[in-house]
Every structure is written in structure tokens, then in C-alpha cells.
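Keep the coordinates open as you read.

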Amino acid sequence: MDKIFSDYLERIDSVIEKGPYKDTWESLCGYEIPKWFRESKLGIFIHWGVYSVPAYFSEWYPKYMYDSASPVFDYHIKTYGKHKDFGYKDFIPMFKGERFDPSHWAELIKASGARYAVPVAEHHDGFQMYKSRLSHWNAYEMGPKRDVLGELCTEFEKNGIVPCASSHRAEHWFFMGHARDFDSGADCDNPHSIYYPSYAVDNHGSYHSKPEPTDDYMKDWLVRTCEIVDEYRPRLIYFDWWIEQEVFKPYLRKFLAYYYNRAVEWGMEVVVTYKHDAFAFGSAVLDVERGQYSEIKPFAWQSCTAIGRISWGYTADNEFKTSGEILQELADVVSKNGNMLLNIGPRSDGTITENEEQVLREIGRWLDRNGEAIYGAKPWHYFGEGPTISESGAFADQKRKAYTSEDIRYTVNGDRIYAIALKRSEDGRYCLYRFRDADAKYGTVFFGIVDKVTCLEDGKDYPFHIDGKGMHIEGPASCEDSPIAFRISVL
């Protein structure tokens, strides 16, 4: 490991030694989630990289193009030729980003109503989307020849969007491992190659995958991640899976301590998100990929999902959710004390798809009218009611849930209660079961005085009455695809 890395490792140790956070779970669990994150509720995730050039299958193209058991393997040969003649690295000159306009991206994200943005800094393929001293395989020296992360962070701050970044570097250890299985032309043993190290692990779903990353690889992972922190000062670092491997544990603690201490030094409030209990509970924020919880959680959490149903990165045949479906998911997540991180996947030329742009602007228009039920909102006694069940767990967004006008989600903001009907009633009538006339001793109802009910999108008060079935609201008739929100003012 060269002097740049050794010097950086010494700096990391020095910062930890001098700072209030030490690289122990006991110390790191003293961390508190900042108010800005808890109140933001909506962020935008951006998967843009070399994998957007083939625009096929998903951002996992570089893995499966070398796996002879995958249809992507045959597709690659048919479309680009044999791997030894056209490997993954040969997509890099084609990744030009010639229409990349960071100011437009920032304007669009602001228009969506999102409060923070998380561009992928490095995905599993090992290509950094930022200027780096640690590797030449980066977007500043190759491909677009621009500091993509740096330009985006600058534009985000201009637009009042909290700049963040994600790291998916951990999986690079095995990601193109099948390139070793045949004459692929990939120089997997060259430490200066984008393919290095490319080891096919026995079970990447295990906590003890073999062969496990070496000490040098782990130091490289740590230094790369700390470089992102030092050069761009993101307010949030998102980690993908696989860091839950046992070999990562001491390095995860070092990274958290370094990042949190740097934040103290710079007067910043920061967040780290993770999956699969990789970090000790309470030391960072738990993220659920393409899923949610079925009940309110007493802790802040995040659901990362995407407008594209099939792929995070751009593909020519991706399927897209509607803004109505995403707003249903957002209301469900917020009612359970969560944030939503919503992904877009730009094309290789740097343009955002028309579908995604339309959805983002529609979300923003809904939030302009209904934002008080979302931003800064907290869970109520109950997250909601209704016949449709949202199961806890990841990868639950493969098809749209069949919500009804009886599916209600509740939030509170100040002294106001909000009821969000996930599907609109065509006749404008809604019945809120939790507000029924019932004996308070059972603890299943609101036992207070409702003063008035206001529809947020038109600002009008609507008549209501309460009986043993619930609070009946005579609201506006509508067939729109988006949820409808009511402010319930109480005495």
C-alpha cells in the first residue's frame, strides 16, 4: 500500500484519537440523529454510472456480463463481441455524459419537494464518480471527465438541498469475479485495474463469505470512503449491503468515528444509513431496501426505493411507478416514523428520463399542497387503518398495492392530526375508524374534541359527523391517482 494510503490511515487514527467519538460501539451509540434528517422525509437517490451505457438488465450488468449462466453473458457477446475484445472497461469511453447539467438536476430535485439528495459516489463496478487521488478509474479522468459528485454537491447547496453521497464499494471485492472463469481479458490480479480484485465468493449472502476481503482491501475501502467525506463533506453517507461481513466490523467503527468526529470539527450534523444490522443499533440509521415496516417504529428509519420498478440504473426497458403509487408509499413510510429515499436513473448522456421527470414534478406539486402532513410530521397513536396490509421487509415494491379509500395513514404536526386516504373516494366520503364513538378505556380510539376538518389541497373545511363506525367526512369527490390529505383540528 503506497504512501497516500498509509498517510491517510495515520490521519484517520489521529482524528479518532483527538475527537469525542471513539471506534467502539459504546461510544458510537451516543450519536443522535439530527433534526434536519428526521424532518426532511423525502430524499432523492441517483444511480448514474458506466452501467448506464449498455442500458440493459440493471446496474448489475458488469457482474452478469461475465457470468456464463446469465442471459446477460450471451447478450453482451451478441451486442458487443467477445469479452476479451470488449470488456466492461470499454464502456467507459462511451460514458460521455455530454448532456449532463447539474443545475437542471438540482432544479428538478428541488421541484420534487425532496430535501436531500444522494448521488452514487462509487457503485459495485469500482468506477468513482468524483475526482480522486486514490484511483485513476474515475469520472474526472475518464468518461465525462468531470467531477460529477462535486458539481452536484455545489448545485444542491445553491438550491437548499442537503448534499449527500452513497458508497457501494464493498461489493467490488466479488462483483466481477466470474471474469476469472474464462479468457475474459480482465486483468483481475493487477491492483491498478478496474477489475481488481474480482474474487467469486462462495455465498455473498453470508456474514462470512469466502474468500473474505484482505486487510489491504479493507484499508482501501476505509480510505476511499473517508476521502469522500473530506473532499465533499456530505451530510449523509448511504451504505449498501455486504458491509455486514464480519471482516468489515472494525473498519465500520473506524469510519463512523472518523466521520462523526469530522462533523463535530466542521460544525455539521450528519447521518449514516445502513442495512442488515451492519452497525450497532443506535449508532446510525437503518435503511430498508424497496420495502417498509408494517407498524410504527420508535426510531427514525429510511426506506430506499425507486421510480423504476426493475432497475436502479437506467435501462431501456425499465418500468416506472406513477407519482400516485410513490405518494402512497411516502405517506405509509412517514406514518411509521420513516423517510423515503427515492431513486432516479439518468441515461448515459446525463439526461433524466421523461417518466422520472414527470413523476418528480407531480410529487412536488402534491407536496406543495399537502406538505404539512409530511415534512416534520411525527407518528400518531396509530399509523393508520384499513384492509390492505403492508408487510415488513425489503423488496416488496415489485407491484403496486391495491389500496382502498378505507386505507388511511395518520401523522401529527404540532397540535394537528392528519388523515391521508391512500386512495380517493369517488363520492368524496371517508370514514375514519380511529375517531369512532367508543369507550375510551379500550385505548383504541381518539377520545378528544374535533373542531374542524380541512382538505389540504383546496383549503376548504368539510362537514363531518361521528358515530359508532367512525368519523364520517363529506369531502371532495375525486378520481385522481394521488392520496388525499385532511387536517383534523382539535380543541
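The paragraphs below take these topics one at a time.

This is a predicted model: local features need pLDDT of at least 70, side-chain atom pairs count only at pLDDT 80 or more, and totals for chains, interfaces and linings use all residues. Residues are numbered from 1 along each chain as its sequence is written, and side-chain values use heavy atoms, with hydrogens and water left out.

Start with the empty space. Rolling a probe the size of a water molecule over the atoms shows where such space is left. Here the search runs on a 1 Å grid over the protein atoms alone, with a 1.4 Å probe. A pocket is an open set of points with protein on both sides within 12 Å along at least five of seven lines. A cavity, by contrast, is a set of points where the probe fits but cannot get out. Lining residues have an atom within 4 Å of a point. Points are joined across faces, edges and corners, and a volume is the space filled by probe spheres set on them.

The largest pocket holds about 580 Å³ of space. Its lining counts 26 residues, and Phe5, Leu134, Pro191, His192 and Asp220 lie nearest the centre. Two or more lining residues come from each of α1 (3-18) and α8 (215-232). Helix α8 provides the largest share, 4 residues.

Now turn to the cysteines. A disulfide is a covalent bond between the sulfur atoms of two cysteines. The rule used here asks for a pair of cysteine sulfur atoms within 2.5 Å. By this rule the count is 0. Cys164 is in no disulfide, and the nearest cysteine sulfur, in Cys153, is 8.0 Å away. Cys164 is buried, at 0% relative accessible area. Buried means under 20%, exposed over 50%, and partly exposed in between, with a 1.4 Å probe and protein chains only. What keeps Cys479 from a bond? Its sulfur is 14 Å from the closest cysteine sulfur, in Cys455, which is too far. Cys479 is exposed, with a relative accessible area of 64%.

The backbone has its exceptions. Most residues other than glycine have a negative phi, and most peptide bonds are trans. The bond joining Tyr196 and Pro197 is cis, with omega about 5 degrees. Another cis bond runs from Lys210 to Pro211, with omega near -5 degrees. Pro197 sits in the loop between β4 (165-167) and α8. Pro211 also has its place in the loop between β4 and α8.

Arg233, not a glycine, has a phi of about 45 degrees. It is found in the loop between α8 and β5 (236-239) and is partly exposed, at 37%. Asp277 has a phi near 55 degrees. This residue lies in the loop between β6 (271-274) and β7 and counts as exposed, at 53%.

Two residues close the tour. Glu157 belongs to helix α7 (residues 148-158) and is partly exposed, at 48%. Beyond four places in sequence, Glu157 is in contact (heavy atoms within 4.5 Å) with Pro163 and Arg235. Its side chain makes a polar contact with the side chain of Arg235, at 2.9 Å. A polar contact is a pair of N or O atoms within 3.5 Å; within protein, one must be able to donate a hydrogen and the other to accept it, and residues adjacent in sequence count only if both atoms are side-chain atoms.

Tyr462 lies in strand β15 (residues 461-462) and is buried, at 16%. Its side chain makes a polar contact with that of Asp458, at 2.6 Å. Among the residues it touches beyond four places in sequence are Val453, Cys455 and Ile473.
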